[in-house]
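Try each task before reading its solution.

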Amino acid sequence: MSSPSMFGNNSVSIPVSDEEDEEELNRKRVRVRRKRKKPLSHRVRHDLGKRLVRFVVRYWALLIFLPAAVLLCYEATKIGKEPAVADDEDLDRFVAEGAEADPDLEPIFKKPPKVSHPNLNRMDPVTRWVDGGREPCLKLRPSDELELLDIPNGGGIESPVRNVKYLSEKDLPEQNVTRRSKRIKFNRFSGYPSLEDRDRSFVLNQTPAVHCGFFSETGGFKVSEADQSYMDSCKVVVSTCAFGGGDDLYQPIGMSNASLQKVCYVAFWDDITLAAQENAGNTVGDDKFIGNWRIVLVDDLPFVDQRLNGKIPKMLGHRLFPNAKYSIWVDSKSQFRRDPLGVLEALLWRTNSVLAISEHGARSSVYDEATAVVKKNKARPEEVNVQITQYKKDGMPEDKRLNGKKALNEASIIVREHTPVVNLFMCIWFNEAVRFTSRDQLSFPYVLWRLKVLKDVNMFPVCVRKDLVNSIGHLRKAKPSVKRTISSTGDDEA
(Lines give C-alpha, C1' and ligand atoms only; values in the text may rest on other atoms or scores of the structure.)
Protein backbone atom coordinates (compact mmCIF):
# COMPACT_ATOMS: atom_id res chain seq x y z
CA MET A 1 0.00 0.00 0.00
CA SER A 2 1.47 3.26 -1.08
CA SER A 3 2.05 5.95 1.50
CA PRO A 4 0.02 9.12 1.36
CA SER A 5 1.48 12.44 0.09
CA MET A 6 3.08 14.86 2.57
CA PHE A 7 0.47 17.58 1.86
CA GLY A 8 -2.48 15.25 1.49
CA ASN A 9 -4.62 14.82 -1.55
CA ASN A 10 -5.76 18.46 -1.58
CA SER A 11 -2.36 19.88 -2.41
CA VAL A 12 -1.94 21.66 -5.74
CA SER A 13 1.29 21.80 -7.55
CA ILE A 14 2.15 25.20 -9.15
CA PRO A 15 4.57 24.86 -11.97
CA VAL A 16 7.15 27.66 -12.24
CA SER A 17 9.03 28.17 -15.48
CA ASP A 18 12.63 29.29 -15.80
CA GLU A 19 11.55 32.37 -17.83
CA GLU A 20 9.38 33.74 -15.01
CA ASP A 21 12.19 33.35 -12.50
CA GLU A 22 14.49 35.31 -14.77
CA GLU A 23 11.98 38.18 -15.25
CA GLU A 24 11.43 38.46 -11.50
CA LEU A 25 15.16 38.61 -10.95
CA ASN A 26 15.59 41.34 -13.54
CA ARG A 27 12.90 43.49 -11.92
CA LYS A 28 14.64 43.21 -8.59
CA ARG A 29 17.93 44.21 -10.18
CA VAL A 30 16.33 47.26 -11.75
CA ARG A 31 14.89 48.36 -8.44
CA VAL A 32 18.22 47.93 -6.78
CA ARG A 33 20.11 50.03 -9.41
CA ARG A 34 17.61 52.95 -9.52
CA LYS A 35 18.80 55.93 -7.51
CA ARG A 36 16.82 58.84 -6.24
CA LYS A 37 17.35 62.00 -8.34
CA LYS A 38 18.40 65.24 -6.65
CA PRO A 39 16.20 68.34 -7.06
CA LEU A 40 16.84 70.49 -10.19
CA SER A 41 17.54 73.64 -8.19
CA HIS A 42 20.31 71.88 -6.27
CA ARG A 43 21.97 70.74 -9.47
CA VAL A 44 21.76 74.23 -11.01
CA ARG A 45 23.31 75.83 -7.93
CA HIS A 46 26.03 73.20 -7.93
CA ASP A 47 26.84 73.78 -11.64
CA LEU A 48 26.85 77.59 -11.26
CA GLY A 49 29.15 77.33 -8.30
CA LYS A 50 31.64 75.22 -10.22
CA ARG A 51 31.50 77.57 -13.20
CA LEU A 52 32.04 80.60 -10.97
CA VAL A 53 35.07 78.97 -9.34
CA ARG A 54 36.55 78.11 -12.76
CA PHE A 55 35.92 81.72 -14.02
CA VAL A 56 37.64 83.27 -10.96
CA VAL A 57 40.61 80.91 -11.27
CA ARG A 58 41.00 81.67 -14.98
CA TYR A 59 40.42 85.47 -14.98
CA TRP A 60 41.53 86.56 -11.50
CA ALA A 61 44.10 88.99 -12.93
CA LEU A 62 41.50 90.71 -15.10
CA LEU A 63 39.12 91.04 -12.17
CA ILE A 64 41.79 92.82 -10.16
CA PHE A 65 43.15 95.17 -12.80
CA LEU A 66 39.88 96.17 -14.54
CA PRO A 67 38.46 98.19 -11.59
CA ALA A 68 41.87 99.78 -11.13
CA ALA A 69 41.95 100.85 -14.80
CA VAL A 70 38.45 102.35 -14.58
CA LEU A 71 39.42 104.31 -11.48
CA LEU A 72 42.60 105.55 -13.18
CA CYS A 73 40.66 106.78 -16.24
CA TYR A 74 38.18 108.59 -14.02
CA GLU A 75 40.95 110.38 -12.15
CA ALA A 76 42.66 111.28 -15.44
CA THR A 77 39.54 113.08 -16.70
CA LYS A 78 39.70 115.37 -13.68
CA ILE A 79 43.26 116.49 -14.40
CA GLY A 80 43.39 120.01 -15.83
CA LYS A 81 39.80 120.87 -15.02
CA GLU A 82 38.94 124.12 -13.32
CA PRO A 83 38.67 124.04 -9.53
CA ALA A 84 35.30 123.18 -8.14
CA VAL A 85 32.99 126.11 -7.63
CA ALA A 86 32.47 127.00 -4.01
CA ASP A 87 28.95 127.01 -2.65
CA ASP A 88 27.17 130.05 -1.18
CA GLU A 89 28.39 129.35 2.37
CA ASP A 90 32.02 129.35 1.21
CA LEU A 91 31.44 132.59 -0.66
CA ASP A 92 29.80 134.29 2.34
CA ARG A 93 32.61 133.17 4.63
CA PHE A 94 35.21 134.38 2.14
CA VAL A 95 33.63 137.84 1.99
CA ALA A 96 33.02 138.01 5.76
CA GLU A 97 36.68 137.35 6.46
CA GLY A 98 37.59 140.39 4.36
CA ALA A 99 39.80 138.50 1.96
CA GLU A 100 41.14 140.57 -0.89
CA ALA A 101 40.14 139.71 -4.42
CA ASP A 102 42.71 137.54 -6.13
CA PRO A 103 42.38 137.17 -9.93
CA ASP A 104 43.54 133.56 -9.66
CA LEU A 105 40.87 132.80 -7.06
CA GLU A 106 37.96 134.67 -8.63
CA PRO A 107 36.83 131.75 -10.85
CA ILE A 108 36.52 129.59 -7.74
CA PHE A 109 33.97 131.86 -6.12
CA LYS A 110 31.87 132.69 -9.14
CA LYS A 111 28.55 130.94 -9.26
CA PRO A 112 28.42 128.47 -12.14
CA PRO A 113 26.27 129.42 -15.15
CA LYS A 114 22.96 127.68 -15.56
CA VAL A 115 23.44 124.94 -18.12
CA SER A 116 20.15 123.73 -19.52
CA HIS A 117 21.46 121.65 -22.42
CA PRO A 118 24.32 119.13 -22.59
CA ASN A 119 25.76 120.75 -25.73
CA LEU A 120 25.98 124.24 -24.24
CA ASN A 121 29.53 125.65 -23.88
CA ARG A 122 31.22 122.59 -25.35
CA MET A 123 34.57 123.29 -27.03
CA ASP A 124 35.70 119.79 -28.08
CA PRO A 125 36.59 119.62 -31.79
CA VAL A 126 34.59 117.55 -34.26
CA THR A 127 36.84 115.14 -36.16
CA ARG A 128 36.57 112.87 -39.17
CA TRP A 129 38.47 109.84 -40.45
CA VAL A 130 41.10 110.77 -43.07
CA ASP A 131 43.84 108.47 -44.43
CA GLY A 132 43.80 106.07 -41.52
CA GLY A 133 43.51 108.67 -38.77
CA ARG A 134 41.18 111.28 -37.33
CA GLU A 135 41.59 114.96 -38.19
CA PRO A 136 39.68 118.08 -37.11
CA CYS A 137 36.88 118.95 -39.52
CA LEU A 138 37.58 122.68 -39.17
CA LYS A 139 41.28 123.54 -39.29
CA LEU A 140 41.76 126.94 -37.69
CA ARG A 141 45.06 128.72 -37.28
CA PRO A 142 46.90 128.31 -33.96
CA SER A 143 45.76 130.69 -31.23
CA ASP A 144 48.84 132.92 -31.50
CA GLU A 145 48.25 133.33 -35.23
CA LEU A 146 44.55 134.11 -34.69
CA GLU A 147 45.57 137.08 -32.59
CA LEU A 148 47.50 138.48 -35.56
CA LEU A 149 44.74 138.07 -38.17
CA ASP A 150 43.65 141.26 -39.86
CA ILE A 151 40.69 142.01 -42.11
CA PRO A 152 41.72 142.06 -45.79
CA ASN A 153 40.42 144.71 -48.12
CA GLY A 154 38.79 142.13 -50.39
CA GLY A 155 37.94 142.77 -54.01
CA GLY A 156 40.47 140.28 -55.31
CA ILE A 157 37.91 138.13 -57.16
CA GLU A 158 36.68 139.50 -60.48
CA SER A 159 32.93 139.89 -60.94
CA PRO A 160 30.71 141.29 -63.69
CA VAL A 161 28.68 143.12 -61.03
CA ARG A 162 30.16 146.42 -59.83
CA ASN A 163 27.27 147.79 -57.79
CA VAL A 164 23.69 146.80 -56.94
CA LYS A 165 20.84 149.30 -56.93
CA TYR A 166 18.11 148.52 -54.42
CA LEU A 167 14.68 149.54 -55.69
CA SER A 168 12.35 151.57 -53.47
CA GLU A 169 9.02 153.33 -53.73
CA LYS A 170 10.88 156.40 -54.94
CA ASP A 171 11.86 154.44 -58.06
CA LEU A 172 8.48 152.72 -58.51
CA PRO A 173 5.82 155.01 -57.04
CA GLU A 174 2.98 153.16 -58.76
CA GLN A 175 3.61 150.19 -56.47
CA ASN A 176 2.48 152.20 -53.44
CA VAL A 177 -1.15 151.24 -54.00
CA THR A 178 -0.68 147.71 -55.31
CA ARG A 179 -2.97 145.33 -53.48
CA ARG A 180 -1.34 142.30 -51.95
CA SER A 181 -2.57 138.97 -53.21
CA LYS A 182 -3.80 136.57 -50.55
CA ARG A 183 -1.30 134.01 -51.84
CA ILE A 184 1.69 136.29 -52.46
CA LYS A 185 3.23 137.68 -49.29
CA PHE A 186 4.80 140.78 -50.86
CA ASN A 187 4.10 143.97 -48.95
CA ARG A 188 5.43 147.47 -48.39
CA PHE A 189 8.67 146.14 -46.94
CA SER A 190 9.51 143.75 -49.77
CA GLY A 191 7.92 145.69 -52.62
CA TYR A 192 5.96 143.90 -55.30
CA PRO A 193 8.30 142.30 -57.86
CA SER A 194 6.43 140.63 -60.71
CA LEU A 195 7.53 137.47 -62.49
CA GLU A 196 8.98 139.74 -65.17
CA ASP A 197 10.98 141.59 -62.50
CA ARG A 198 12.10 138.21 -61.20
CA ASP A 199 13.43 137.17 -64.61
CA ARG A 200 15.19 140.51 -65.11
CA SER A 201 17.03 140.14 -61.80
CA PHE A 202 18.98 137.20 -63.26
CA VAL A 203 20.14 139.22 -66.28
CA LEU A 204 23.50 140.54 -65.18
CA ASN A 205 25.14 143.86 -65.88
CA GLN A 206 27.48 146.10 -63.97
CA THR A 207 24.71 147.85 -62.01
CA PRO A 208 21.65 145.57 -61.68
CA ALA A 209 18.52 147.01 -60.02
CA VAL A 210 16.52 144.63 -57.80
CA HIS A 211 14.00 144.57 -54.99
CA CYS A 212 15.87 143.91 -51.76
CA GLY A 213 13.57 144.72 -48.86
CA PHE A 214 13.19 148.13 -47.18
CA PHE A 215 11.08 149.18 -50.16
CA SER A 216 8.98 151.75 -48.30
CA GLU A 217 9.68 153.94 -45.30
CA THR A 218 6.38 152.66 -43.90
CA GLY A 219 7.27 149.03 -44.60
CA GLY A 220 8.44 148.15 -41.10
CA PHE A 221 11.55 146.64 -39.53
CA LYS A 222 12.51 149.79 -37.65
CA VAL A 223 15.49 150.13 -35.29
CA SER A 224 16.54 153.04 -33.13
CA GLU A 225 19.01 155.67 -34.31
CA ALA A 226 21.47 154.53 -31.64
CA ASP A 227 21.29 150.94 -32.85
CA GLN A 228 21.65 151.97 -36.48
CA SER A 229 24.68 154.09 -35.60
CA TYR A 230 26.27 151.08 -33.91
CA MET A 231 25.47 148.85 -36.90
CA ASP A 232 26.98 151.39 -39.29
CA SER A 233 30.29 151.13 -37.40
CA CYS A 234 30.65 147.36 -37.88
CA LYS A 235 33.23 145.98 -40.31
CA VAL A 236 32.79 142.30 -39.41
CA VAL A 237 29.54 140.98 -37.94
CA VAL A 238 28.31 137.82 -36.26
CA SER A 239 24.52 138.09 -36.18
CA THR A 240 21.49 136.13 -35.07
CA CYS A 241 17.84 136.83 -34.34
CA ALA A 242 15.00 135.50 -32.22
CA PHE A 243 11.52 136.77 -33.03
CA GLY A 244 8.40 135.58 -31.26
CA GLY A 245 10.20 134.36 -28.13
CA GLY A 246 11.07 131.00 -29.67
CA ASP A 247 14.70 130.70 -28.56
CA ASP A 248 17.07 131.79 -25.81
CA LEU A 249 20.28 133.74 -26.36
CA TYR A 250 23.54 131.77 -26.21
CA GLN A 251 26.81 133.58 -25.62
CA PRO A 252 29.48 133.02 -28.29
CA ILE A 253 32.62 131.24 -27.08
CA GLY A 254 36.10 130.49 -28.42
CA MET A 255 36.91 134.05 -29.56
CA SER A 256 40.39 135.51 -29.71
CA ASN A 257 41.11 138.92 -28.21
CA ALA A 258 41.50 140.25 -31.76
CA SER A 259 37.97 139.15 -32.66
CA LEU A 260 36.53 140.63 -29.47
CA GLN A 261 37.98 143.98 -30.52
CA LYS A 262 37.19 143.87 -34.25
CA VAL A 263 33.92 141.92 -34.55
CA CYS A 264 30.36 143.05 -33.75
CA TYR A 265 27.99 140.52 -32.21
CA VAL A 266 24.41 141.59 -32.89
CA ALA A 267 21.17 139.82 -31.88
CA PHE A 268 17.88 141.11 -33.30
CA TRP A 269 14.86 140.79 -30.99
CA ASP A 270 11.24 141.88 -31.00
CA ASP A 271 9.06 142.85 -28.03
CA ILE A 272 7.87 139.27 -27.55
CA THR A 273 11.40 137.91 -27.24
CA LEU A 274 12.45 140.80 -25.00
CA ALA A 275 9.63 140.07 -22.54
CA ALA A 276 10.32 136.32 -22.59
CA GLN A 277 14.04 136.78 -21.96
CA GLU A 278 13.50 139.32 -19.18
CA ASN A 279 11.17 136.85 -17.48
CA ALA A 280 13.97 134.28 -17.74
CA GLY A 281 16.42 136.68 -16.08
CA ASN A 282 18.26 137.81 -19.22
CA THR A 283 18.05 141.56 -18.76
CA VAL A 284 19.46 143.97 -21.32
CA GLY A 285 21.97 146.33 -19.72
CA ASP A 286 21.98 150.10 -19.99
CA ASP A 287 24.61 149.72 -22.71
CA LYS A 288 22.15 147.50 -24.65
CA PHE A 289 24.38 144.45 -24.25
CA ILE A 290 23.87 141.00 -22.79
CA GLY A 291 27.35 139.55 -22.51
CA ASN A 292 29.01 139.97 -25.91
CA TRP A 293 25.72 140.42 -27.78
CA ARG A 294 24.45 143.88 -28.70
CA ILE A 295 20.66 143.55 -28.51
CA VAL A 296 18.91 145.42 -31.33
CA LEU A 297 15.20 145.74 -30.70
CA VAL A 298 13.17 145.71 -33.92
CA ASP A 299 9.84 147.51 -34.11
CA ASP A 300 7.03 146.84 -36.59
CA LEU A 301 8.02 143.48 -38.09
CA PRO A 302 6.76 143.31 -41.69
CA PHE A 303 5.37 139.76 -41.75
CA VAL A 304 3.03 137.79 -39.54
CA ASP A 305 5.17 134.71 -40.21
CA GLN A 306 8.12 134.96 -37.82
CA ARG A 307 10.16 132.60 -39.97
CA LEU A 308 9.87 135.09 -42.81
CA ASN A 309 10.80 137.98 -40.52
CA GLY A 310 13.93 136.04 -39.63
CA LYS A 311 15.01 136.03 -43.28
CA ILE A 312 15.62 139.80 -43.11
CA PRO A 313 18.71 139.73 -40.85
CA LYS A 314 19.67 136.35 -42.27
CA MET A 315 19.72 137.34 -45.95
CA LEU A 316 19.83 141.13 -45.95
CA GLY A 317 22.75 141.70 -43.61
CA HIS A 318 24.43 143.86 -46.27
CA ARG A 319 21.52 146.28 -45.98
CA LEU A 320 21.45 146.29 -42.17
CA PHE A 321 25.24 146.68 -41.94
CA PRO A 322 26.05 148.88 -44.96
CA ASN A 323 29.74 149.29 -44.07
CA ALA A 324 30.50 145.69 -43.15
CA LYS A 325 32.90 143.72 -45.34
CA TYR A 326 32.18 140.29 -43.89
CA SER A 327 29.42 138.64 -41.90
CA ILE A 328 28.63 135.32 -40.25
CA TRP A 329 25.01 134.37 -39.73
CA VAL A 330 24.14 131.89 -36.94
CA ASP A 331 20.61 130.53 -36.39
CA SER A 332 19.22 131.22 -32.92
CA LYS A 333 18.96 127.48 -32.22
CA SER A 334 22.76 127.24 -32.05
CA GLN A 335 25.68 128.57 -30.01
CA PHE A 336 28.58 129.93 -32.05
CA ARG A 337 31.79 128.48 -30.60
CA ARG A 338 34.71 129.40 -32.85
CA ASP A 339 36.82 132.50 -33.47
CA PRO A 340 35.04 134.51 -36.22
CA LEU A 341 38.22 135.87 -37.81
CA GLY A 342 39.63 132.35 -37.83
CA VAL A 343 36.43 131.07 -39.47
CA LEU A 344 36.62 133.75 -42.18
CA GLU A 345 40.25 132.83 -42.83
CA ALA A 346 39.54 129.10 -43.01
CA LEU A 347 36.33 129.16 -45.06
CA LEU A 348 36.75 132.26 -47.27
CA TRP A 349 40.25 133.70 -47.43
CA ARG A 350 42.14 130.41 -47.55
CA THR A 351 39.82 128.96 -50.22
CA ASN A 352 39.39 132.16 -52.30
CA SER A 353 35.62 132.03 -51.74
CA VAL A 354 33.08 134.80 -51.28
CA LEU A 355 30.33 132.63 -49.79
CA ALA A 356 30.48 129.57 -47.53
CA ILE A 357 27.51 127.44 -46.53
CA SER A 358 27.02 123.88 -45.32
CA GLU A 359 26.00 120.95 -47.45
CA HIS A 360 22.71 119.29 -46.55
CA GLY A 361 23.20 116.24 -44.39
CA ALA A 362 20.28 114.12 -45.58
CA ARG A 363 19.36 114.98 -49.18
CA SER A 364 20.94 116.32 -52.38
CA SER A 365 18.05 117.21 -54.70
CA VAL A 366 15.70 120.20 -54.50
CA TYR A 367 12.81 118.00 -55.54
CA ASP A 368 13.57 115.44 -52.84
CA GLU A 369 13.72 118.27 -50.32
CA ALA A 370 10.31 119.52 -51.49
CA THR A 371 8.82 116.10 -50.83
CA ALA A 372 10.38 116.03 -47.36
CA VAL A 373 9.13 119.54 -46.53
CA VAL A 374 5.55 118.54 -47.32
CA LYS A 375 5.85 115.19 -45.53
CA LYS A 376 7.13 116.89 -42.36
CA ASN A 377 4.46 119.61 -42.49
CA LYS A 378 7.05 122.39 -42.69
CA ALA A 379 5.16 124.23 -45.43
CA ARG A 380 1.75 124.06 -47.02
CA PRO A 381 1.62 121.55 -49.91
CA GLU A 382 0.00 124.05 -52.29
CA GLU A 383 2.80 126.58 -51.70
CA VAL A 384 5.49 123.98 -52.29
CA ASN A 385 3.69 122.77 -55.41
CA VAL A 386 3.59 126.29 -56.87
CA GLN A 387 7.32 126.73 -56.19
CA ILE A 388 8.41 123.38 -57.61
CA THR A 389 6.15 123.77 -60.64
CA GLN A 390 7.79 127.13 -61.38
CA TYR A 391 11.27 125.64 -60.98
CA LYS A 392 10.46 122.83 -63.40
CA LYS A 393 9.05 125.35 -65.85
CA ASP A 394 12.28 127.34 -65.60
CA GLY A 395 14.29 124.21 -66.39
CA MET A 396 15.80 123.55 -62.96
CA PRO A 397 17.48 120.12 -63.34
CA GLU A 398 16.97 117.26 -60.95
CA ASP A 399 20.72 116.77 -60.67
CA LYS A 400 22.12 116.13 -57.23
CA ARG A 401 25.36 117.92 -58.11
CA LEU A 402 25.73 121.61 -58.99
CA ASN A 403 29.04 123.07 -60.15
CA GLY A 404 30.66 119.84 -59.04
CA LYS A 405 29.27 120.15 -55.51
CA LYS A 406 26.23 118.93 -53.63
CA ALA A 407 23.16 120.74 -54.93
CA LEU A 408 21.32 121.08 -51.61
CA ASN A 409 22.50 123.16 -48.67
CA GLU A 410 21.74 123.65 -44.98
CA ALA A 411 21.55 127.38 -44.26
CA SER A 412 21.80 127.61 -40.48
CA ILE A 413 25.29 129.12 -40.85
CA ILE A 414 26.20 131.55 -43.64
CA VAL A 415 29.71 132.97 -43.96
CA ARG A 416 30.12 135.61 -46.65
CA GLU A 417 31.96 138.55 -48.04
CA HIS A 418 29.75 141.52 -48.87
CA THR A 419 30.69 141.74 -52.54
CA PRO A 420 28.20 143.11 -55.10
CA VAL A 421 27.51 139.71 -56.65
CA VAL A 422 26.95 138.07 -53.23
CA ASN A 423 24.67 140.96 -52.22
CA LEU A 424 22.70 140.48 -55.45
CA PHE A 425 22.42 136.76 -54.73
CA MET A 426 21.07 137.42 -51.24
CA CYS A 427 18.48 139.92 -52.54
CA ILE A 428 17.14 137.44 -55.10
CA TRP A 429 17.18 134.64 -52.54
CA PHE A 430 15.12 136.78 -50.15
CA ASN A 431 12.56 137.57 -52.88
CA GLU A 432 12.20 133.84 -53.63
CA ALA A 433 11.52 133.14 -49.94
CA VAL A 434 8.78 135.80 -49.90
CA ARG A 435 7.21 134.77 -53.21
CA PHE A 436 7.06 131.04 -52.50
CA THR A 437 7.86 129.39 -49.15
CA SER A 438 10.13 130.51 -46.33
CA ARG A 439 11.97 127.16 -46.57
CA ASP A 440 15.14 128.74 -47.92
CA GLN A 441 16.79 125.37 -48.60
CA LEU A 442 14.44 125.01 -51.57
CA SER A 443 15.30 128.37 -53.15
CA PHE A 444 19.07 128.54 -52.51
CA PRO A 445 20.15 125.98 -55.16
CA TYR A 446 17.69 127.46 -57.68
CA VAL A 447 19.16 130.96 -57.35
CA LEU A 448 22.70 129.55 -57.40
CA TRP A 449 21.89 127.56 -60.54
CA ARG A 450 20.28 130.48 -62.34
CA LEU A 451 22.75 133.17 -61.23
CA LYS A 452 25.56 131.39 -63.01
CA VAL A 453 28.34 133.89 -62.25
CA LEU A 454 28.47 133.06 -58.51
CA LYS A 455 30.79 130.08 -58.52
CA ASP A 456 33.18 131.00 -55.70
CA VAL A 457 31.05 129.15 -53.13
CA ASN A 458 32.54 126.95 -50.43
CA MET A 459 29.99 124.21 -49.77
CA PHE A 460 31.66 122.80 -46.67
CA PRO A 461 30.82 119.34 -45.25
CA VAL A 462 28.34 118.74 -42.44
CA CYS A 463 31.04 117.97 -39.89
CA VAL A 464 32.44 121.51 -40.32
CA ARG A 465 29.02 122.95 -39.53
CA LYS A 466 28.84 120.78 -36.42
CA ASP A 467 32.25 122.09 -35.34
CA LEU A 468 31.21 125.74 -35.80
CA VAL A 469 28.29 125.61 -33.38
CA ASN A 470 26.80 123.78 -30.45
CA SER A 471 23.36 122.74 -31.61
CA ILE A 472 20.65 123.36 -29.02
CA GLY A 473 17.50 123.22 -31.15
CA HIS A 474 14.40 125.37 -31.04
CA LEU A 475 12.99 125.54 -27.52
CA ARG A 476 9.52 126.95 -28.07
CA LYS A 477 7.16 127.70 -30.91
CA ALA A 478 7.55 131.33 -31.94
CA LYS A 479 4.51 133.52 -31.47
CA PRO A 480 3.37 135.31 -34.65
CA SER A 481 3.83 139.04 -34.92
CA VAL A 482 0.84 141.38 -34.95
CA LYS A 483 0.92 143.31 -38.21
CA ARG A 484 -1.13 146.47 -38.14
CA THR A 485 -3.16 147.82 -41.02
CA ILE A 486 -1.52 150.77 -42.73
CA SER A 487 -4.14 151.64 -45.30
CA SER A 488 -7.33 150.43 -46.91
CA THR A 489 -5.49 149.16 -49.98
CA GLY A 490 -5.02 145.78 -48.36
CA ASP A 491 -1.25 145.60 -48.61
CA ASP A 492 -0.90 145.22 -44.83
CA GLU A 493 -3.29 143.21 -42.73
CA ALA A 494 -3.88 143.03 -38.99
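**Exercise 1.** Is Phe 430 buried or exposed?

*Solution.* Keep in mind that this model is predicted. Start with the cut-off: a residue is buried when its relative accessible area is under 20%. Phe 430 has a relative accessible area of 0%, so Phe 430 is buried.

**Exercise 2.** Classify the ring pair of Phe 189 and Phe 430, and work out which parts of the chain the pair ties together.

*Solution.* Begin with the geometry. The ring centres of Phe 189 and Phe 430 are 6.2 Å apart and the planes meet at 80°. Planes over 60 degrees apart count as edge-to-face, so that is the class of this pair.

Next, locate both rings. Phe 189 sits in the loop between strand S3 (165-166) and helix H6 (195-200), while Phe 430 belongs to helix H15, so the pair joins parts that are 241 residues apart in sequence. Phe 189 is buried as well, at 0% relative accessibility.

Finally, widen the view. Ring pairs link Phe 189 and Phe 430 into a cluster with Phe 214, Phe 221, Phe 243, Phe 268, Phe 303 and Phe 321. The whole structure has 18 aromatic pairs.

**Exercise 3.** Now try Tyr 446 and Trp 449: how are their rings arranged?

*Solution.* Their centres are 5.8 Å apart, with 50° between the planes, and the pair is tilted. Tyr 446 and Trp 449 are three residues apart in helix H16 (residues 440-450), so about one helical turn separates them. Both Tyr 446 and Trp 449 are buried.

**Exercise 4.** Describe the largest nonpolar core and find the neighbours of Phe 321.

*Solution.* The largest nonpolar core holds 69 residues, and those with the most contacts inside it are Phe 221, Phe 268, Phe 321, Phe 425, Trp 429 and Leu 454. Helix H15 (residues 420-435) gives this core its largest share, 11 residues. A second, separate core has 38 residues, including Cys 137, Trp 293, Ala 356 and Phe 460.

Now zoom in on Phe 321. Leaving aside residues up to four places away in sequence, Phe 321 touches Met 231, Cys 234, Val 237, Val 266, Phe 268 and His 418.

**Exercise 5.** Work out how helices H13 and H14 pack, and what lines their contact.

*Solution.* H13 (residues 366-375) and H14 (residues 381-393) pack at about 170°, with axes 10 Å apart. H13 is therefore roughly antiparallel to H14. H13 contributes Val 366, Tyr 367, Ala 370, Val 373 and Val 374, and H14 contributes Pro 381, Val 384, Ile 388, Tyr 391 and Lys 392. By class, the contact has nine nonpolar, no polar and one charged residues.

How values were computed: Residues are numbered from 1 along each chain as its sequence is written. This is a predicted model: local features need pLDDT of at least 70, side-chain atom pairs count only at pLDDT 80 or more; totals for chains, interfaces and linings use all residues. Side-chain values use heavy atoms; hydrogens and water are left out. A nonpolar core is a set of buried Ala, Val, Leu, Ile, Met, Phe, Trp, Tyr and Cys residues joined through side-chain atoms within 4.5 Å. Buried means under 20% relative accessible area, exposed over 50%, partly exposed in between (1.4 Å probe, protein chains only). Helices (H or I, at least four residues) and strands (E, at least two) are DSSP runs, numbered from the N terminus. Contact means heavy atoms within 4.5 Å. Axes are lines fitted to C-alpha atoms, for helices over the stretch in contact, and angles run from 0 to 180 degrees between N-to-C directions. Angles under 35 degrees count as roughly parallel, over 145 as roughly antiparallel, 65 to 115 as roughly perpendicular and the rest as oblique. Ala, Val, Leu, Ile, Met, Phe, Trp, Tyr, Cys and Pro count as nonpolar, Asp, Glu, Lys and Arg as charged, and the others, Gly among them, as polar. Rings of Phe, Tyr and Trp (its six-membered ring) pair if their centres lie within 6.5 Å; planes under 30 degrees apart count as stacked, over 60 as edge-to-face and the rest as tilted.
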